Amino acid sequence: MRRLVRVWLFLFGLISSCSVPDIQEYNDAGIYPDLFPDYINVTVPCNIAPLNFRLHQPGQQAVLCMEGKGNPLKIASSDGKFLIPLHKWKRFLEENRDGKIKLTVYKRDNGLWIRYKPFFINISSDPIDPYLVYRLIEPGYELWNEMGIYQRSLETYRELPVYENKMTSYNCVNCHSFCMEDPQTMMFHMRELYGGTIIIKNGQVEKLNTKTDSTMSALVYPSWHPSGRFIAFSVNKIAQVFYLNNKNRIEVFDSGSDVVMYDTERHEIFTSPLLFSKNTLETFPGFSPDGKTLYFCSARSFQVPEKSDSVKYSLCSVPFYPDTRTFGEKVDTLFNSKTFGKSASFPRVSPDGRFLLFTVSLYGSFPVWHKEADLYLFDLKTKRYIDLSNINSPDVDSYHSWSSNSRWIVFSSRRVDGLYTRLYIAYIGKDGKTGKAFMLSQKDPDFYNAFMKAYNIPELVKGEVKAGPYLISRQAKNTNGLSVRFKSQ
């Protein structure tokens, strides 16, 4: 039976390849084709899965011609979709590393062929990390049922669950984070039923109870120290409001927040007065790749929600000394909210230590519903900002992470419909030169039309997460969790 299936597939492929028309006469459209997703003139890694796309107006028949080094490839379509075979796509990527491939689309309407303006896909020899981890959740997260954390192979379209909340009575799972893009060293939170923080190291799963008498909440937003011993967290009193007549549908704000450090070996929380103050709000910690600097966001407290639009966060840093578990005595401000009149969040430093990427919005600390939210890139070497106009959009561009080689970023954006967050990838050169952002490709170009989940917290990792969902659920359900201690300095 399997042999018959293979023969049928071979014959189908042979017939399909022979069905591509030989187009001799055509009219030039003089414009690029209208594609979804838009892959026109993008820069992609040499190990990405095929960028399948469709025409918005498919016509009666269409043909895609791909040209580069090696043999050209022609694909015929009767519905406007172009599905590029994986093995042929990989050949094009390999043969055209640090070069580009030319794509020309022909469309036939009323018996006449038109040729659209050719476009290019630039192939970088810098690979992207092979896996991407994200949470999938309904876009208006005030109500939800099923959610999960998933890992997607970027070299194919294979998606597997890291954890799904149906295994623990549909509780909330959030804030997954990895140490130096290592898939075997990660953590995430469970909220409500079976609540606790799950930490996975070297195949071992540990559950923590992280609320102490000295902190206002359980641990929230994380950042791993590169040693794997420490994790910086914020603790937050979080609330949200929902608008009927506001372009920003939801506002999430903190009435209080601090930053603390968790020692995974001693199971202790410690901090500094510079990060733990009643007069200011500190949140969103992020380590430098050498572990010597802790970045965070800080704002003066206002009455919320009445004056939530007055809360603007500066981007700050403080030295950290892991050997003595102490902090420096002075805070440096890199992005001053008073100077810019805007608010910073989500600081992430590239693994090579060169660039600082963060999100900027008009106010507040949670910009994922702020249509004006954009990504900012600061060169820590030249002390200059880099133009990201070919990456940002008129709608929300928000949470982001770096590849382990510092050449790629992935971020969430609502640019398609203003409602669902989709994931985009963009190239960042060693000199800060950027490539046009492109949407995470799917096997079926119509996938996003029917997919009713939003992508949340994309994290690039170096390999597949091996800790099984059943091991995690068993630890979550069968143990009360280890209670952490607050260590006064």
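A: Phe346 counts as buried, because its relative accessibility is 7%. Buried means under 20% relative accessible area, exposed means over 50%, and partly exposed lies in between, with a 1.4 Å probe and protein chains only. This is a predicted model, where local features need pLDDT of at least 70, side-chain atom pairs count only at pLDDT 80 or more, and totals for chains, interfaces and linings use all residues. Residues are numbered from 1 along each chain as its sequence is written, and side-chain values use heavy atoms, with hydrogens and water left out.

Phe346 sits in strand β27, residues 343-349. Strands (E, at least two residues) and helices (H or I, at least four) are DSSP runs, numbered from the N terminus. The backbone here deserves a look. Phe346 is not a glycine, yet its phi is positive, about 55 degrees. Most residues other than glycine have a negative phi, and most peptide bonds are trans.

Asn202 counts as exposed, because its relative accessibility is 68%.

Strand β15 (residues 182-191) pairs with β16 through six bridges, and the two run antiparallel. Two strands pair if DSSP finds at least two bridges between them. Phe188 has Ile198 of β16 as its bridge partner. Four residues lie between the strands of this hairpin, where Glu192 has a positive phi near 65 degrees.

Strand β15 has another partner. Six bridges also join β14 to β15, again antiparallel. How much of β15 is covered? Seven of its ten residues are buried, so the strand is mostly covered.

Cys179 belongs to β14, residues 172-179. Cys179 counts as buried, because its relative accessibility is 6%. Apart from neighbours within four places in sequence, Cys179 is in contact with Thr185, Trp224, His225, Pro226 and Gly228. Contact means heavy atoms within 4.5 Å. Arg229 is 50 residues from Cys179 in sequence, but the C-alpha to C-alpha distance is 9.6 Å.

Next comes the interior. In soluble globular proteins, nonpolar side chains tend to be buried together. A nonpolar core is a set of buried Ala, Val, Leu, Ile, Met, Phe, Trp, Tyr and Cys residues joined through side-chain atoms within 4.5 Å. The largest such core holds 60 residues, and Phe53, Met66, Trp89, Ile121, Ile391 and Ile409 have the most contacts inside it. Strand β33 (residues 422-427) gives the largest share of this core, five residues. A second, separate core has 27 residues, among them Ile250, Tyr295, Val349 and Phe378.

Beyond its neighbours within four places in sequence, its contacts include Leu35, Phe36, Pro37, Phe82 and Pro445. Phe82, in β7, is also its bridge partner. Strand β4 (residues 53-55) pairs with β7 in the antiparallel sense over two bridges. Both belong to an open sheet of three strands, in the order β2-β4-β7, with antiparallel pairing. Strands β2 (35-36) and β7 (81-82) stand at the edges with a single partner each, so one side of each has no neighbour in the sheet.

Another contact of Phe53, Pro37, lies in the loop between β2 and β3 (43-45). The peptide bond from Phe36 to Pro37 is cis, with omega near -10 degrees.

On a 1 Å grid over the protein atoms alone, a cavity is a set of points where a 1.4 Å probe fits but cannot get out, and lining residues have an atom within 4 Å of a point. By this rule there is one cavity of 30 Å³ or more. The largest cavity has a volume of about 60 Å³, the space filled by probe spheres set on the points, which are joined across faces, edges and corners. Eleven residues line this cavity, and the closest to its centre are Phe253, Asp254, Val311, Gly364 and Ser365. Strand β20 (residues 250-263) supplies the largest share of the lining, four residues.

Technical notes. 1 Å grid on protein atoms, 1.4 Å probe; cavity = no way out; pocket = protein on both sides within 12 Å on 5 of 7 lines; lining within 4 Å.
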